[in-house]
Amino acid sequence: MKKLAVDSKENDDLSNHRHNELTHVTQRLRRVLSKEVDVSVGHQQFLADIILEGKALLDVSRVSIWLFDNAANPTRLINYANTDWDGLISSPLPELQVTDYPIYFRTIVSGETISARNALTDSRTSEFKDGYLKPQQIAALLDTAIFQNGLAIGVVCCEGRFHPRDWLSWEVVAAELIADCCSRRLLVHELWQMQQQLTEMAFQDVLTGLKNRRYLMDYAKSEMSRHQRADRPLSLLMIDLDRFKKINDKYGHDGGDEVLKRFSDCCTNLVRAEDCVCRLGGEEFIILLPETEVASAMNVAQRLREEAAALKVAYEGQEISFTVSIGVAEVNLNMPFSKSLKAADQAVYQAKAAGRDQIKLAL
Ligand SMILES: Nc1nc2c(ncn2[C@@H]2O[C@H](COP(=O)(O)OP(=O)(O)OP(=O)(O)O)[C@@H](O)[C@H]2O)c(=O)[nH]1
């Protein structure tokens, strides 16, 4: 009688302990879940957090996220993120092929959650017995499809080692919650990447891949205040290709485009990584040179003029030669950037008037 009372107290202590533990883990998990739309939390970090919390909550040996190669016609499952047995994030697991595990693939695609008490004997998971489960001593599996637009795009796998295990209904619901959260996070990540691409495109010149006028105006503004604070010089080159209309007339628009692309490469290769090369439009370019006195900017302009004159652009078996006129200006940090641009533009005009293939300093 006394022994029974002790046993029951021990059981109560144990279940109280598990209850407290679960309350803590659930709170942590909910905090992680709430970050699914917060892109300031890195994508990999978010997935790592969610599978680590899932592992603790469900008290399993490993949690992993897998995505199908093609949701409409899946042939492979690719490991996207996973914990190791010790609760750390580890390197990717080998891919799974539909030809090796057809029943498992079919079940996940159907959307059915697999809560396999004994994964070695469960008909949905026994395909993994010899090659996967036995060598790793995995005994129980709780696998939940990740859905997007009504299609299973992947699966969250929870693996228990050593002993078969009954999965409680709250555990199944929790695993499904984690899979749904992964689904939304993947979508947020995709949208975020698209937005990054669009932003990039909005600031990029399509033909040359250089930054465009919109980028230059934003960038110049921030560089001007940085240089003003640090009391450092900022210079700019305005470059205009000479008699470009004639090149277009002689070689066609595509020939002209080829010249613009090769000249862009020439600029990018010549300047430092921190210099900003932009195409303003047409055959007009700007290079912004941070931390550069106007005398050094003149040297850069000289090298660029020489390189342009020496460049032979291969186009349809012909070689196109061209020259450039360059205006150099030190950016006036106390005036709007447009004033410095205008000064450089006037210097270009003078270079053209003086016979082209020239450099002039803005006064
Ligand atoms: N191929 C090509 N041509 C362009 C592009 N943008 C503008 N142009 C052409 O560039 C030529 C510029 O001609 P102009 O402004 O007369 O200048 P230019 O012939 O270079 O003469 P100068 O500047 O006085 O030396 C025009 O024929 C435009 O059609 C482009 O993206 N690709």
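In what order do the five strands of the open sheet run? The order is β8-β9-β7-β12-β13, with mixed pairing; two strands count as paired if DSSP finds at least two bridges between them. β8 (276-281) and β13 (359-361) are the edge strands, each pairing on one side only. From one strand to the next, the twist averages 20°.

The model is a predicted one, in which local features need pLDDT of at least 70 and side-chain atom pairs count only at pLDDT 80 or more, while totals for chains, interfaces and linings use all residues. Residues are numbered from 1 along each chain as its sequence is written.

The protein chain as a whole has nine helices and 13 strands. These are DSSP runs numbered from the N terminus, helices being H or I of at least four residues and strands E of at least two. Of its 363 residues, 34% count as buried, that is, with 20 or more other C-beta atoms within 10 Å of their own, the C-beta atoms being placed from the backbone.

Within the sheet, β7 pairs with β9 (residues 284-290) in the antiparallel sense over seven bridges. L237 stands opposite I287 in β9. Helix α8 (residues 294-310) packs on the sheet and touches β7, β9, β12 (324-330) and β13; the direction of α8 makes about 170° with that of β12. Helix α7 lies across β7, β8 and β9 and runs at about 160° to β8. Such angles run from 0 to 180 degrees between N-to-C directions, with axes fitted to C-alpha atoms, for helices over the stretch in contact. Contact between two residues requires C-beta atoms, placed from the backbone, within 7 Å.

α7 (244-270) and β7 (234-241) also each supply at least two residues of the shell around the ligand. The shell has 16 residues, the closest being D242, F244, K245, G256 and G282; a residue belongs if its C-beta atom, placed from the backbone, lies within 6 Å of the ligand. The largest share, seven residues, comes from α7.

C182 touches I50, I65, I146 and V156, not counting residues up to four places away in sequence.

How values were computed
Buried ≥ 20, exposed ≤ 12 C-beta atoms within 10 Å, placed from the backbone.
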